[in-house]
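Dear colleague,

I am handing over the structure below, and my notes on what was found in it follow directly after.

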Amino acid sequence: MEERTPILEMRHVTKRFGNIIANDDVSLTLYPGEILALLGENGSGKTTLMNILSGIYYPDEGQIFVEGKEVSISSPKDSFDLKIGMIHQHFKLVDVMSVTENIVLGLPGKLDLKQAAADIRAICERYGFEVDPDEKIYNLSVSQKQTVEIVKVLFRGANILILDEPTAVLTPQEAVKLFAILRNMKEAGHAIIIITHKMHEVMDISDRVAILRKGRYITSFVTTETTAQELTDNMVGRAVSLNIERPEPVDPKDRLFIQGLTVKNEEGVYKLRDVSFTARSGEILGIAGIAGSGQRELLEAIAGLQPVEYGIINYIDDDGTPESLLKKTPVEIQAMGVSLSFVPEDRLGMGLVGNMDLSENMMLRSYREGHSIFTNRRDPAALARQVVEELEVSTPSINTAVRKLSGGNVQKVLVGREIASAPTVLLTAYAVRGLDINASYTIYNLINRQKAAGVAIVFVGEDLDVLVELCDRILVLCDGRVSGIVDGKTADKNEIGMMMTHVGGAHEG
Amino acid sequence: MKADAKKKEPLIHITRRKDVSLLRSIVIRAAAIVLALIVCALVTTFLTGENPIDVFGTILSGAFGTPRKMWVLGQEMAILLCVSLALAPAFKMKFWNLGGEGQILMGGLAAAACMILLGSKVESGAMPQWLLILIMVVASIGAGALWAFIPAFFKAKWGTNETLFTLMMNYVATQLVAYFVILWEVPKGAGKIGIINQSSEAGWLPVIGDYKYLLNIIVVLVLTVGMYVYLKYSKQGYELSVVGESERTANYVGINVKKVIIRTMLISGAICGVAGLLLVGGTDHTVTTTISAGRGFTAVMVAWLAKFNPLGMIFTTFLLVLLSRGANEISTVFSLNKSFGDILTGIILFFIIGSEFFINYQIHFRKSHKPEAAAAVPAEDPHKEALEQILRDAETAAQSVSKEETK
């Protein structure tokens, strides 16, 4: 490996924001025809480092070499000129334009859409992309949009590709397809840097792994010579257990009874059809399914945020009397004395207000209390301090705007607030999405503590490994229908995967 | 590698500042004003040949020169501040109420209508003066609120664009006033109403002592404190900021977004109505189509500059009124075109608004290049412990920065 010339080399790169050091003396080497996984916890400086390569930030110190020559990347254009292409987590496409138009957008020279479309087809054929150059972006699925982003950077001649958490938005099947394409590109001599939190993907796709911790480069491994455990330990900086606990449910009682739940979205499309299940106290009910199979609608319908066509949603008291939550607003549900907490998937857009501080975000749930026309600010501030202390939220103060916190800390604030009201039902959607290993385990522990306290938990997840380890029972959704409920202890990942696509599901589609 | 040391580093690059201290932001703003004054001085000297110190002096004497000028300054500030207060809650809710003009006009028109239609009853003694004033207060507030309610209702119910809607409502209000001016013109054919109830002073708001404008100033000061408390400490104020930040979050915690939109706009319109009342009943005692004099729009700037903080708006109002009064004065004293005052106002505003950039971003200039520094291996840091701590604090912040940038 030593005799090869690196296609990209970063030497002693340091980037500060004010007196905060995001990257501290980081050196990184990338060889042609290899896939390098960049691993690190949230806030370890991965994204900053990649933004330096793509010309969004300029480093304070250090040098960058491309193909042996020292370069200066002061704008995204410089980055393009050096054949570096970055595929961001959030796509930057114009919805009403076609694939071809998006790809040639901003390119200098004469506009020849026909020639461009032909070139795009050639690229697609070469690497195995499935996308029609004439299709409009708004007609494309998320994974197709990602494909367009990749084709875009290839079309512009990039031979160093950087992908920031590309699988976060993909189904397992789509991820497999993406990896096949990445391997094709690698064969063609492209060098690829991929950022991901999912350890099995790292092991699956990469040739080498570089680890960042707290802004510093720690070490790198050849993937075939290491293990997920070793990588995790290096990433976190100490030995961590990768096992999720699953304590036995204590005295489970029926708590939430759902029958025949049917929901249509605003366009009149059925999102849920005839969904029935029971959630029990002291138990974690997992919800598995391909993204968009009705998970969000299910939780929102229970929480009173989604109009229901028909069906039954009953909350069952400790003494066994059912109370209907159907067609009740969140405030009415609260007024009934039902303590229902909901950790939505969109943390900053729904669960919290990004521009408000921790204390004000705690107030969201409690500000109505009391008859005064003025808000009580003392109790939320005390709660914020308590959450910061108990959940070890890393924040400068409780007066810091929530959007300034890292993903893991944002989620701790949200979960902390939702469990503060001592709920009897806790709904969580993708509770660990985007969180690093450490933060994820903190969240699993919190959820398990609620389970021990007798809370009925509905846990919508995407990582089947986690669902199978954490949940007592798993309900599998497919296209808005229940395709089966399996026992967590005996569940098989492949079986669940089949049920998600309805093959071998317990019910007929 | 030696040859590569001559790489081109960009002359400047810009990064977003992390937390900005209050002191730093005040220093930057102060520097902006000083710079603005210097540029104004240069422009003045080059264009007119006048001594810039004299010009500045005239601006100040135009605003503060005589007790009467100071009272006018206070009155102008009061009315502009009143309208800005009205816009603050709507803007904080991200409801772009550009209908201040119309809401003021409707408030003023309602007050004038009461004075004209009920004035004779006060003259004949059939109705006490206080009752007429009470009716005027209710009518003005109601009319302003109604003018704001209509676009708010459409926005809440059908999601119409409030910017265009409120803007259009201004024209409707102007035409309505124009219609009634002709209906009630005195004498016939004059095309204007003239002073209403000049002899009986029916419906004229009371004058405190000998100070014609004092009542207006007091009313607006009370409103300022009230609005500050409302936005900062009341449950309704909290609700409207949540709606402004994220409607989905508001729905999630069970806030009735439609209700909040309509309620907030009723308050916004009502306060504009008060501004109309103060103008018609308190100072002008007549109504014209130009009675609001563009304050519905100037107030947008006042509110933005103060970031919707009512106490901050006192200063931004002061600044804008001072500049416009001063501009009038220099145009007469130096017999310059009135536009010259506007040029100076523009320069000063440019610097003040531009200073926001320097508060939020930092500019780095190219450093002198040290050829060997980059290759040197950093020595073991004796303060490693302390550094580790800093890094731990840094990780959260760094993450949020990169997030923000990618957005």
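In chain A, A:Leu475 stands opposite A:Ile485, a residue of strand β20(A). Please keep in mind that this is a predicted model. The pairing behind that placement is between strand β19 (residues 473-478) of chain A and strand β20 (residues 481-487) of chain A, which run antiparallel and are joined by six bridges. β19(A) and β20(A) form a hairpin that leaves two residues between the strands, and A:Asp479, which lies in the turn, has a positive phi of about 50°.

In chain B, helix α1 (residues 22-48) and helix α2 (residues 52-64) pack at an angle of about 115°, their axes being 9 Å apart, and the crossing of α1(B) and α2(B) is right-handed. On the side of α1(B), the residues B:Leu37, B:Cys40, B:Ala41, B:Thr44 and B:Thr45 take part, and they meet B:Pro52, B:Val55 and B:Phe56 of α2(B). Sorted by class, this contact of α1(B) with α2(B) has six nonpolar residues, two polar ones and no charged ones.

As for the cysteines, the structure holds zero disulfides over all chains. A:Cys471 is in no disulfide, and the nearest cysteine sulfur, which belongs to A:Cys478, is 19 Å away; A:Cys471 is also buried, with a relative accessible area of 0%. In chain B, the closest cysteine sulfur to that of B:Cys114 is in B:Cys82, at 18 Å, and this is too far for a bond, because a disulfide needs the two sulfur atoms within 2.5 Å. B:Cys114 is likewise buried, with a relative accessible area of 10%.

How values were computed. Residues are numbered from 1 along each chain as its sequence is written. Chains are lettered from A and ligands numbered from 1 in the order in which they are written. This is a predicted model: local features need pLDDT of at least 70, side-chain atom pairs count only at pLDDT 80 or more; totals for chains, interfaces and linings use all residues. Side-chain values use heavy atoms; hydrogens and water are left out. Two strands pair if DSSP finds at least two bridges between them. Helices (H or I, at least four residues) and strands (E, at least two) are DSSP runs, numbered from the N terminus. Axes are lines fitted to C-alpha atoms, for helices over the stretch in contact, and angles run from 0 to 180 degrees between N-to-C directions. A crossing is left-handed if the near helix is turned anticlockwise from the far one by less than a right angle, and right-handed if clockwise. Contact means heavy atoms within 4.5 Å. Ala, Val, Leu, Ile, Met, Phe, Trp, Tyr, Cys and Pro count as nonpolar, Asp, Glu, Lys and Arg as charged, and the others, Gly among them, as polar. Buried means under 20% relative accessible area, exposed over 50%, partly exposed in between (1.4 Å probe, protein chains only).
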